[in-house]
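This briefing concerns the structure shown below. The overall fold is taken up before individual residues.

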Amino acid sequence: IMWTTLHFYFRRIIFAGKKDIPDGKPVILIANHSASFLDAMLLAVTMKRPLFFYARSDIFRKDWAKKILRSFHMIPIYTFDHGKENLHKNQDTFAEGEEVLSNRGLLLIFPEGTSRVERIMLPLKKGTARVALQTESKHDFKLGLSIIPVGINYSAHSFRANVHIQVGEPTI
């Protein structure tokens, strides 16, 4: 349903370098984040395998929302903005990401930590490094985890816009 909806909503979706994302290996995709929910959904529907990704915890508050969001492989991440008292829950959040990667899965992280329309990069948060290093450490640095940058660029943030997704060089 999402694939059909997104292909109707966008005039054209170009995904360059998709073949450079290895199958059957643990991968963290790091991407810019300019269209909130759309960024993750675009990547999820164009991948050959399930894509898990972190999303801000406040959208998981209602039980019905949590059930739907979890079915889309979304993992809640907690920030100061959503309550300092909840930050300890990130231990489970990072453990869940490590489990995805330990099972040779695909994990998407938006390292800027927030979505915005401006075409500039914000300073990157440390979560990507933390998940990558903790996961590799648990496997004596023999897991073969790759971190792959992905750029998502919209011609406009509107109906029938074009979107270009570009995969960069993997870091091992």
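Helices are DSSP runs of H or I with at least four residues, and strands are runs of E with at least two, both numbered from the N terminus. On that basis, isoleucine 68 of this predicted model lies in helix H3, which spans residues 63-71. The protein chain as a whole holds five helices and seven strands.

**Overall architecture**

- Along the sequence, the secondary structure of the protein chain runs α-β-β-α-β-α-β-α-β-α-β-β.
- The radius of gyration of the protein chain is 16 Å, in agreement with the value near 16 Å for a compact globule of 172 residues.
- Along the principal axes, the C-alpha atoms occupy a box of roughly 45 × 35 × 30 Å.
- Of the contacts with a separation of 6 or more, 64% are between residues 24 or more positions apart.

**Burial and surface**

- Of the 172 residues in the protein chain, 41% are buried.
- The accessible surface amounts to about 10000 Å², and carbon and sulfur atoms contribute 58% of it.

**Isoleucine 68 and the nonpolar patch**

- Isoleucine 68 has a relative accessible area of 43% and is therefore partly exposed, since this class lies between 20% and 50%.
- Together with Phe37, Trp64 and Phe72, Ile68 forms a nonpolar surface patch with about 420 Å² of accessible area in total.

**Glutamate 98**

- Glutamate 98 is located in helix H4, residues 90-102.
- Its relative accessible area is 6%, so glutamate 98 counts as buried, the limit being under 20%.
- Beyond its neighbours within four places in sequence, glutamate 98 contacts Val131, Gln134, Thr135 and Lys138.

Terms used
Residues are numbered from 1 along each chain as its sequence is written. This is a predicted model: local features need pLDDT of at least 70, side-chain atom pairs count only at pLDDT 80 or more; totals for chains, interfaces and linings use all residues. Side-chain values use heavy atoms; hydrogens and water are left out. Buried means under 20% relative accessible area, exposed over 50%, partly exposed in between (1.4 Å probe, protein chains only). Contact means heavy atoms within 4.5 Å. Patches are made of residues with over 30% relative accessible area and no salt bridge: like charges are joined within 9 Å, nonpolar side chains (Val, Leu, Ile, Met, Phe, Trp, Tyr) within 5 Å. Accessible areas come from the Shrake-Rupley method with a 1.4 Å probe; for residues, only the protein chains shown count as cover. A salt bridge is a side-chain nitrogen of Lys or Arg within 4 Å of a carboxyl oxygen of Asp or Glu. The radius of gyration is taken over C-alpha atoms; the globule rule is 2.2 Å times the number of residues to the power 0.38.
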